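Take a look at the model below. The walk-through starts from single residues and moves out to the whole chain.

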Amino acid sequence: MQNSVQDRAIAPGLIWLNRIVGDRLPEKVQDRAACLWLFSGIFWMIIGMSLGMISAIKMIYPGFLGGVYELTFGRLRPAHVNTVLFGWLTMSSVGSSLVIVPRLTKRHLYLGELAVFAGWGFNAITAASIVTLALGLTKGKEYQEWILPLNTGVLICINLVAACLLVTVLERRDERIYVSIWYFILAYAALDIVYFVGNLPIYAGSQDAAINWFYAHNLLGMWLTACSIGTLYYVVPKLLRKKLFSHALSLWSFWLFAAFYVWNGGHHLVYGPVPMVIPMLGIIFALGMTLPVGGTFVNMIGTLWGRFRDVGSNVPLRFAILALLNYFLASYEGSMEAIALININAHFGDFPVAHAHLGFLGFATSSMTAFIYLFVERGLKRPLTPLLTSLHFWLFSLGFLLYVVPLHLAGFMEAARWSTLDNQHVGDMVGALVGRSPYYWLRVLSGLPLVGGQLIFAWNLIWAFQSPPTGELDALEAEWSPHATEVVSLAREELR
Ligand code: HEM
């Protein structure tokens, strides 16, 4: 396939990506942009997970890999966390919005070349972040370790894509807006505000702590979670070729989500050095989150109702269901963890790490995986290898369980031992620290199926592009778009 002159001028790197997939990138600029963001995301996921695995080994053997400063735990941990959150989940979320928004609005992406340009910019930023963190250049605050020049680059890239998407939505052919688009609008707007405010270098003391958690929780909630739910609302009806159970319920859940989530950051500061009103608000709104989460869960189960037998033959659907279950579990666990009496024991051990992986490995990673399979197989008409897809699912599930179950148990064990601490006694502190070892070993072990599964995922996609499309691409557009609209119009009928 020939690259257009325009593509060559704006993003020579597309030619390189094209070679990896056997010179078979889709013709349309919007799908090329989506492929760039999605496939780069998978690349960073494999790097990020490997960094996580090395960090996990270092939590048992700090001397692993020698005394090289660049490879110490303090530098590898933020490199792991930021690479998976930005390199993988942010890039795949942008990729999914680049596919979903044009299809639901029945418009081509406005100035798709800008999204391609931004995709390469974001790749350069992610690569630079790993180098700068290894060199010890960091802001030193959780989830915002990247230095200011990289923060500026992130804002430029995200805003370029946001501008393309916004104009596409404004020029839409359907006057009503499907719920996935609402989630993307919220997510991009929130990321812009939160990332700008959170990374300003002007705070100090307890004000800094409050802003840090306003930023961090909303980065995870209003950006990554909103993108993943928006994606699931598209993926599940598409995979089932069935209308959404209730459009009204999806909007009800969306507005509650938008109203409640933004106040949740304070629940990270229960017993922290901030005015009591901040954690109190955090706890109240964390409990409030059970409503939108419950609404989304019921809506998805309603959509799946009567079709559970499809799970056996449809691996992307399995990933979508895994994502949904973990969204429910992680959100309800988070609401409970916010309650002060539970928080005092749960907060200071491995529980938050287990919770983070339940959410971002079990939920967000699974929903993006379901989407990528759907896009490649149905959107780009590239045939996947069923054996590899299924193997990926089982390796991922095994690795995921090996990670989150032992680490939750470690959290309970620590909580039991922390509870013996008081002002006079150090309690069973040493016992708690030493007792973590078997759980930490299982976490190291979990990395093997997790990283192995993702390598199979990447290979399956590269292989899919080597095969001829299973249908005409133009016909595909015709097939895809009306179905996407059908999701909206069927939902509309329901509202009447
Ligand atoms: C896409 C997959 C992954 C995502 C999204 C992810 C996300 C995260 C996040 C958000 C944190 C910070 C948790 C906190 O501060 O409470 C974290 C920490 C960590 N992750 Fe991952 N992770 C992933 C995969 C992995 C894998 C495969 C391993 C290793 C087998 C791993 C090992 C670790 C370790 C060792 C830490 C530091 C824990 C600590 O400091 O106590 N992660 N990860």
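In which helix does Leu-166 lie? Leu-166 belongs to helix α6, which covers residues 148-170. This is a predicted model, so confidence comes up again below. Tyr-188 sits 22 residues from Leu-166 along the chain. The C-alpha atoms of the two are separated by 9.7 Å.

Now zoom out. The protein chain has 18 helices and zero strands. It has 496 residues, and 50% of them count as buried. Consider contacts between residues at least 6 apart in sequence: 82% of them join residues at least 24 apart.

Next comes the helix α12, residues 315-338.

The largest nonpolar core has 132 residues. Which of them touch the most other members? They are Ala-187 and Ala-320. Helix α8, residues 205-240, supplies the largest share of this core, with 19 residues. Ala-320 has contacts with Leu-232, Val-235, Val-236, Leu-239, Ser-367 and Ala-370, leaving aside neighbours within four places in sequence. There is also a second, separate core of five residues. Leu-51, Leu-76, Ile-130 and Leu-133 are among its members.

Leu-89 is 136 residues away from Thr-225 in sequence. In space, the two are 9.8 Å apart, C-alpha to C-alpha.

Turn to the ligand. How many residues surround it? The shell has 23 residues, and the closest are Gly-52, Val-84, Ala-356, Phe-360 and Gly-447. Which element gives the most? It is α14, with seven residues. By class, the shell has 14 nonpolar, seven polar and two charged residues.

Helix α17 also holds Leu-450. Is Leu-450 buried or exposed? With 25 C-beta neighbours inside 10 Å, Leu-450 counts as buried. Its contacts, not counting residues up to four places away in sequence, are Met-49, Phe-396 and Gly-399. Phe-400 is 50 residues from Leu-450 along the chain, yet their C-alpha atoms are separated by 7.1 Å.

Two lysines have a backbone detail to check. Lys-106 has a positive phi of about 60°, although it is not a glycine. It is found in the loop between α4 and α5 (112-134). Lys-106 has 16 C-beta neighbours inside 10 Å, so it counts as partly exposed. Lys-381 is the other case: its phi is near 55°, again positive in a residue other than glycine. This lysine is found in the loop between α14 and α15 (386-418). Why does Lys-381 count as buried? There are 20 C-beta neighbours inside 10 Å of Lys-381, and 20 or more is the cut-off for buried.

Finally, confidence. The mean pLDDT of the protein chain is 87, and 88% of its residues reach 70 or more. Where does pLDDT stay under 50? One stretch is residues 1-10, for which the model has 16 contacts beyond four places in sequence. Another is residues 473-496, with 31 contacts beyond four places in sequence.

Technical notes: Residues numbered from 1 in each chain as written. Predicted model: local features only at pLDDT ≥ 70, side-chain atom pairs only at ≥ 80, totals over all residues. Helix = DSSP H or I, 4+ residues; strand = E, 2+ residues; numbered from the N terminus. Buried ≥ 20, exposed ≤ 12 C-beta atoms within 10 Å, placed from the backbone. Contact = placed C-beta atoms within 7 Å. Expected span 1.5 Å × (residues − 1). Near = placed C-beta within 6 Å. Nonpolar A, V, L, I, M, F, W, Y, C, P; charged D, E, K, R; others polar. Core = buried A, V, L, I, M, F, W, Y, C linked by C-beta atoms within 7 Å. pLDDT = per-residue confidence, 0-100.
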